[in-house]
Amino acid sequence: MMTRHTGAPNPHALIIGAGIAGMQAALDIANSGYEVTLVEKLPSIGGHMAQLSETFPTLDCAQCILTPRTVEVGHHPNIHLITYAEVEDIQGEVGHFRARIRRRAAGVNWDICTGCGVCIEKCPTRVESDFDMGLGRRKAIYTLSPQAVPNKPIIDKARCRFFTQGKCRVCEKFCPTGAIAYDQEDALFEIEAGAVILATGYDLYDVTRLGEYGAGQVPDVISGLAFERLLSASGPTAGKIRRPSDGREPKEVVFVQCAGSRDPEKAMPYCSTICCMYTAKHAMLYRHRVPNGQAYVFYIDIRTAGRRYEEFLQRAVEEDRVLYLRGKVSKIFRDGDKVVVWGADTLSGQQVEIAADMVVLATAIVPRPETRRLAELLGIDVDAHGFLQEVNPNLEPVSTRRPGVFIAGAAVGPRDIPETVAQASAAAAKVLALFARWQAVPEVVHAGEN
Amino acid sequence: MPAKTKAHRIGLFVCHCGLNIAGTVDIPQVLDAFKDAPAVLVALDYKYMCSEPGQELIRRKIAEEKLDGIVVAACSPTMHEATFRRNAESAGLNPYRVEIANIREQVSWVHAKDPDAATRKAIEVIRTIIEKVRYDEELLPFTLPVVRRALVIGGGIAGIQAALDIAEAGFPVLLVEREAQLGGRMAQLSGTYLNFESAGDLLAQKLDALRARPEITVLTESEVESLNGYVGNFTVRIRRRGEDQVQEASVGAIVVATGFDLYPMKQLPEYGAGAVPDVISGLEMEALLRPDGPTGGRVLRPSDGRPPKEVVFVQCAGSRDPEHAMPYCSKICCMYTAKQARLFCRQSPDGQAYVFYIDIRSGGKGAEEFVQAAMEEERVLYLRGKVSKIFRDGDKVIVWGADTLSGQQVEIAADLVVLATAVVPRADARDLAQRLRVGTDAHGFFNEAHPKLRPVESLTAGIYLAGAAQGPKDIPETLSQASAAAAKVLSLFSRHELVQEPTIAWVDPELCSACQLCVPACPYEARRPHPWKPLVTVNAALCQGCGACATVCPNKASKLRNYTPEQVLAMVDVLFAPAKAQEGA
Ligand SMILES: Cc1cc2nc3c(=O)[nH]c(=O)nc-3n(C[C@H](O)[C@H](O)[C@H](O)COP(=O)(O)OP(=O)(O)OC[C@H]3O[C@@H](n4cnc5c(N)ncnc54)[C@H](O)[C@@H]3O)c2cc1C
Ligand SMILES: Cc1cc2nc3c(=O)[nH]c(=O)nc-3n(C[C@H](O)[C@H](O)[C@H](O)COP(=O)(O)OP(=O)(O)OC[C@H]3O[C@@H](n4cnc5c(N)ncnc54)[C@H](O)[C@@H]3O)c2cc1C
Ligand code: SF4
Ligand code: SF4
Ligand code: SF4
Ligand code: SF4
Ligand code: SF4
């Protein structure tokens, strides 16, 4: 049965997820003169890219190339940014979607907050920072980073003394604008949109499920994303390589690829496609920071496919003398202040044991659990793991079963930034073509004329 | 009219960039150096000037102090100049009175080991830029009309998809293809990985969609002979093969989608390529597997037309070999080799396929599983190692290789050998790039504007890239990139006019002697002798403000707005004699 709509289709896009994929799609659509509502679950935008140090293969600093984009999104007159929010419900169809969005109570009235940061400075409660992958600390009232867009803090109610013990109110006392609002409630918005782009990104395989690698028990076994925070100039160690257990500079670091990937029996069967490249990057950057250190990489295959990537790997091997060992790691455990790695070197056919100072696991890229829920709401498919399903990758790689619903970025499958950005622009093109047809069709000049 | 009054209420904003700058440069000392500088009303610092509070600080100070010029001492202007200019404009300041003093890339990063020298240099850089701002004119950007019609060069799957997306939004497209047929390499393929769908059927669906679009005009057997103009207003000359007449068209945007070639077989003599008939390329194998191919989709040996029993696939033929061939990885050949091996095994149940590889590169959704299935279901034997020699022996093709996992040498007497030859740029890609004035890399792949965040734009405004012309890609990635290029075109076409930077060259008629030295010096063909007056004129739409003309002009008649000789000399003066210049100010 057809649902009838009275009004004209609405050339307004709803984009869910404001990582680099959602931001790029939003900018392409907004720069063409259409309105976009961009919904982000976290308090500020940028997604995983905001956590990265430098990016392969050119090693430009992630924050430096990202900030112009986040600032542009934050200021764009056509982009309505709703952060710290989630889409609860979506109804309707192409041209006429209606979404209910819940913005969580931040405990701060963002309309009057100037982002001065005094509250953060004064807050007495320090807790582990998720953004820093547990390697650094933040306050109970916080922003994800100093460059956050929007640069407005939220109160972590599970940790704040006032919320847990009824006493404190320090931030309220110091806030020069009276923006602290402990009793703030969730806000609900209803928005209408003609098209939807899902760009909810990825998660990382939970390292603590990799028991044989000591993850979760041995403090100096960390994930690749945690290593990004150590490398990051704005990270918890200001870019110095320090191991979590005792803050010492590690002299031997073992990188283990495919942690949780390519393992159909125990973990994910697929290859996460980006971790060979970022491991090469990690090993290379580690050697730049610790010139007398030694980096080892355990791999099954080195997957540095594509333009400039193989050359990048060769640089890591030849210039930075990273030692690549082909084989699987069987066990990682603590021995005194060392982390011992047992592995096989399938090329020499020998067992190897390395007494390392730190181990970095290139953990698998996995879909986010909420992506599945959103897909169900929108009536589109996910694959067996929970990645969004293209209608046909060889025909329409950003389209779904539902007209007007498009997909982009790592929510569709593991991919690096350039591929994510191209795909996001592709999703924008589909939306732009739809909107253009709904609008007065531009005067058609026949091709071939002068 | 641009204001001629010098800026005399200048604000200086020094960014810490976290520790990127503040870790090396002594910020308080820098601020102190400008405490009493003439015309500098405020000198302030902030942790991240590009962040919202930093920008807010600047806006507030512009309003409070009625600033008529600002200097932001921060990272390279390529990063944030546009951000700071937009921000200042929103506070009512002319954006061309905003200058960046680069104290990160050119100071703190390069002098990290010598903080004192870095601090001194930061002060010097800022001092000269303040001097520049004082002479900056308040300029107004101007607008140019946009021709809302696109040219797509290359009618492979990339070009077809880009044309479709642009046309679907209602804009006319000219699709120029060199060959007689559209489809490019995809028309030569059998099935596609990951699901063996027929490439021909997929392509046919796209071609049907293309034919249904009245906005698309296809010109086959045609090539772009020359290009003039600039974003929004290109003039292109297209020549059809065998015809004298050249068609001229004006277009506002261009998508380059000329695809790829394969590494020539004859350059792989150690693999018997070219000499042994039963050593074929991956693309030739596609022809044997294609239902509408010469053998009706049956794999038969070229030498005697018999079906082979043992087939050896050699990966990385011409790739990943910086000494002899291409240094890069061709990205698609691991996957298509698995596809071909599986298709072969499926049609020859008693056949055996071997694959020699260095690494198996099957990244992303479903790809690893596809290769695993080749090993488990079709029993394809993967051997990790390089092939050293391939030669003919009777009606067999002998393959010598190493198995690095068992450490042994292997010899296989095969019936057919398939080389996964490297993806290389089209032979004429560099020529075309020159005609279009866009860049290529050392190999001849078209260069994108930024390898991460601007993957489908070239460095020339209005020219975009799609598909394998930019680097090896499979069909799904090609499609995404082609649609992405279309999105850029649609954004451009959403406007009737384009805003052009006013920081371009002009000729002072009083000084110009019409020597015309500047005309050939201009790389953008922006300069022309005046039809009757004794001087040279500048086409404002073409001028990119590069300054080449200004450096050759012996009369200092050719000047760049906001980079005038007076300005540059004043900057040099304060650098070498700061005290004196400031007294004179
Ligand atoms: C350790 C590591 C290093 C890397 N290094 C590089 C590198 O050097 N170069 C490179 O090219 N790539 C690198 N990558 C890959 C890069 O991180 C990804 O390509 C990129 O971040 C994908 O962007 P995205 O927007 O698709 O996803 P994400 O960055 O995950 O963004 C998704 C966004 O959606 C939001 N979201 C999720 N669910 C919801 C919801 N229900 N409602 C609203 N919002 C939601 C999330 O909060 C997030 O902000 C690296 C990855 C890792 C793990
Ligand atoms: C053996 C083999 C097997 C493959 N199998 C698969 C597979 O199973 N799955 C998959 O996803 N991918 C596969 N691919 C990759 C696939 O072929 C490419 O992704 C795709 O063809 C790229 O399309 P394109 O339009 O960028 O380039 P092309 O297909 O090369 O098209 C470019 C077009 O531009 C035209 N052209 C070139 N120069 C000019 C000029 N100067 N003026 C005008 N026109 C010009 C050409 O004639 C051509 O029509 C395979 C490739 C090979 C070699
Ligand atoms: S009330 Fe909570 S957030 Fe505010 S200062 Fe106290 S602990 Fe921190
Ligand atoms: S102190 Fe008040 S105004 Fe300042 S950041 Fe905190 S909530 Fe916002
Ligand atoms: S990209 Fe490399 S490290 Fe990551 S899963 Fe694939 S093979 Fe393993
Ligand atoms: S994709 Fe595979 S076969 Fe092709 S060059 Fe890369 S590693 Fe070699
Ligand atoms: S500034 Fe450059 S582009 Fe402009 S006219 Fe002079 S030489 Fe040509």
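How many residues of domain 1 of chain A are in contact with domain 3 of chain A, and how many does domain 3 supply in return? In this predicted model, 16 residues of domain 1 touch 24 residues of domain 3. To find your way around, note that chain A is divided into domain 1 (12-101 + 187-201 + 368-444), domain 2 (118-174) and domain 3 (205-365).

Let's stay with that contact inside chain A for a moment. The centres of domain 1 and domain 3, taken over C-alpha atoms, are 32 Å apart, and the two domains bury about 1600 Å² between them, with 69% of it on carbon and sulfur atoms. Of the area that domain 1 buries here, 34% comes from Phe56(A), Pro57(A) and Pro414(A), more than from any other three residues. There is 1 salt bridge between domain 1 and domain 3, along with 5 residue pairs in polar contact. By class, the domain 1 side has 8 nonpolar, 5 polar and 3 charged residues.

Now turn to the partner chain. Here 86 residues of chain A are in contact with 85 residues of chain B, and the area buried between the chains is about 6700 Å², of which carbon and sulfur atoms give 54%. The interface holds 13 salt bridges and 38 residue pairs in polar contact. Helices H1 (20-30), H2 (62-75), H8 (309-318) and H10 (417-438) of chain A each bring at least two residues to the side that touches chain B; the largest share, 14 residues, comes from H10(A). That side of chain A has 41 nonpolar, 25 polar and 20 charged residues.

Conventions
Residues numbered from 1 in each chain as written. Chains lettered and ligands numbered in written order. Predicted model: local features only at pLDDT ≥ 70, side-chain atom pairs only at ≥ 80, totals over all residues. Heavy atoms only, no water. Contact = heavy atoms within 4.5 Å. Buried area = accessible area lost by both parts, 1.4 Å probe. Salt bridge = Lys/Arg side-chain N within 4 Å of Asp/Glu carboxyl O. Polar contact = N/O pair within 3.5 Å; in protein donor to acceptor, adjacent residues only side chain to side chain. Helix = DSSP H or I, 4+ residues; strand = E, 2+ residues; numbered from the N terminus. Nonpolar A, V, L, I, M, F, W, Y, C, P; charged D, E, K, R; others polar. Domains from an automatic or database assignment.
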